[in-house]
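Grab your viewer and try each one before reading on.

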Amino acid sequence: MKYISITTLKIGLLSMLFYSCDSSTSVAQELPNIVLINADDLGYGDLGCYGATKVKTPNIDKLAQEGKRFTDAHSASAVCTPSRYALMTGQYPIRANNGKGIWGPAPITSELIIDTKQVTIADVLKNKGYATAVLGKWHLGFGTGENDWKQPLSPGPNDLGFDYYYGVPIVNSAPPYVYVENTSIVGSDPNDPLIYIGKGKPNEVTPITPIPKEASQRTTNRFKGAVKAHKLYNDYTVGTVLAEKAVNWITDKTTKNKKDPFFLYMATTHIHHPFTPGKNFQGKSDAELYGDFIQELDWMVGEIISTLKKQGVSDNTLVIFTSDNGAMLNLGGRNAIKAGHKINGDLLGFKFGVWEGGHRIPFIAKWPGKIEAGTTSNQLICNVDMLATFKAITNQNSKELDDTDSKNILPTLLGNPIEPIREELILAPRKEGHLSLRKGKWMYIPAQGSGGFKGSKPNHHAWGGAPATAFVGSKNSDIENGEIKKDAPLVQLYNLDDDKNQTTNVFNQYPEVVKTMETKLKEIVNSNKQQ
């Protein structure tokens with residue numbers, strides 16, 4: 001059954017229509033395969049289909065041409081680890097850690113930050129017989145208590161609904177620079193174990209791949225031992241390794257049995273710093289190493305899509321492509337901007353901050369015969385919504401989601417409902433005091449600035465906030481010459497319908513809206529602390 005744009009059906013009716021079709025078909029045949037590609041630090045302006053002209057992204061652009069592109073999609077946090085927590089659990093990151101929240105990246109020795117009893121997106125699909133895998137960046141911790149990196153690395157992905165895991169345990173800019181497969185370090189040797197020794201011991205750590213300064217920041221190694229495992233990890237081949245793993249996993253699952261559904265969560269390290277594209281991509285974009293890395297990411301997506309077609313499962317596969325947060329103004333990002341590339345388009349702000357550039361992200365969905373090709377949606381959605389959506393797609397009880405923050409976006413994937421999918425959204429930056437509320441067209445920030453990075457000097461790795469606006473040419477009524485004006489309001493209110501790029505703080509014009517938003521945000525924060 002082919003679905004066309006639906007503008008009048010309510011959410012419940014639309015879902016009922018979806019599941020009532022072709023009831024004679026077995027459940028296994030009805031369930032689509034799902035591939036969720038979560039890029040790292042990919043900004044709103046980093047793709048051709050979102051306006052980029054200095055990079056070429058034909059494979060991702062084709063996804064948009066054959067599916068639906070969202071213009072008001074967000075990550076629940078502007079920071080990697082809390083964003084991934086939200087994606088996995090369907091809960092805002094402020095709910096984590098017994099209500100204390102997760103605000104920053106998980107440290108090297110972090111335990112698994114998701115309770116193994118908590119339902120994840122992988123659990124939802126595994127409940128319906130899906131084969132499940134996560135490939136790439138994890139960054140959600142391992143073990144219980146402080147992680148000493150002794151094997152087995154458990155609990156971890158395998159305890160959260162995933163049958164298989166292969167990837168980078170933290171991030172490509174932080175050690176250990178090794179691959180992990182399920183609970184084991186790839187290439188591990190019991191006679192040469194991986195040992196965490198901390199920072200400040202350069203003569204003791206195991207050597208890693210040399211990279212140039214222009215690749216941007218990478219934390220020095222803090223581990224000794226595991227020489228073989230370290231040699232298997234090369235910054236310049238991570239993209240190739242992960243793409244090959246994805247191709248092989250899909251091929252294996254679809255060769256054995258095309259009727260059984262599968263779920264692949266592909267969490268790329270691209271385009272997080274350091275920018276280390278493979279040789280075939282170096283110098284190929286017009287946006288320096290940053291752009292080259294994007295184009296390698298696009299190739300990785302193309303490898304996955306072509307494998308789905310080759311294996312004859314493309315027509316029954318939902319492919320979602322998105323990012324964990326907005327782009328970061330590191331050295332690579334700054335060089336790309338100097339070359340004329342707009343990493344977050346014209347949005348204000350960057351990764352870690354609560355301005356739109358920190359969390360408004362690309363979101364594209366393709367599902368042949370279900371999602372109308374070449375369409376665009378301005379519905380407000382969030383990566384936290386995947387849990388409810390996957391439940392709806394697999395016809396599971398939505399009442400079980402009463403204690404989550406996840407909303408079912410299936411109606412806006414399949415059609416074009418008039419009513420909003422979600423009325424409000426909590427958005428978290430790095431700083432807790434900048435936790436903000438989006439409600440309809442209004443964005444309320446209870447403090448000055450972005451709550452993210454503040455760097456602005458050549459020796460600073462992470463630029464952001466007011467100091468960075470001058471560099472990219474952003475305009476904001478509270479900022480002058482890269483500084484917050486002395487008479488600027490203490491809080492911020494933006495009308496995103498009229499001013500998506502947040503040029504004008506309308507705090508003084510709408511005191512009643514400010515009061516309503518302030519009260520609502522406080523209610524949410526207080527209720528969270530009481531849980």
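**Ground rules.** This is a predicted model, where local features need pLDDT of at least 70, side-chain atom pairs count only at pLDDT 80 or more, and totals for chains, interfaces and linings use all residues. Residues are numbered from 1 along each chain as its sequence is written, and side-chain values use heavy atoms, with hydrogens and water left out.

**Exercise 1.** Start with F453: is this residue buried or exposed?

*Solution.* F453 has 18% relative accessibility, so it counts as buried (buried is under 20% relative accessible area, exposed over 50%, partly exposed in between, with a 1.4 Å probe and protein chains only).

**Exercise 2.** Work out what kind of aromatic pair W442 and Y510 form, and which parts of the chain they tie together.

*Solution.* Step one, the geometry: the centres are 4.9 Å apart and the planes make an angle of 55°, which gives a tilted pair. The cut-offs: rings of Phe, Tyr and Trp (its six-membered ring) pair if their centres lie within 6.5 Å, and planes under 30 degrees apart count as stacked, over 60 as edge-to-face and the rest as tilted.

Step two, the location: W442 lies in strand β17 and Y510 in the loop between β20 (492-495) and α14 (511-530), so the pair ties together parts 68 residues apart in sequence. Helices (H or I, at least four residues) and strands (E, at least two) are DSSP runs, numbered from the N terminus.

**Exercise 3.** Which charged residues sit over the rings of Y177 and Y166?

*Solution.* For Y177, look at R218, whose charged end is over the ring, 5.6 Å from the centre. For Y166, pick K245, which lies over the face at 4.2 Å from the ring centre. The test asks for NZ of Lys or CZ of Arg within 6 Å of the ring centre and within 35 degrees of the ring normal.

**Exercise 4.** Describe the surroundings of S450.

*Solution.* First place it: S450 is in the loop between β17 and α13, and is buried with a relative accessible area of 6%. Next, the polar side: a polar atom of the S450 side chain lies 3.2 Å from the backbone nitrogen of G452. Finally, leaving out residues up to four places away in sequence, S450 touches G353, V354, W355, P429, H434 and G465 (contact means heavy atoms within 4.5 Å).

Terms used
A polar contact is a pair of N or O atoms within 3.5 Å; within protein, one must be able to donate a hydrogen and the other to accept it, and residues adjacent in sequence count only if both atoms are side-chain atoms.
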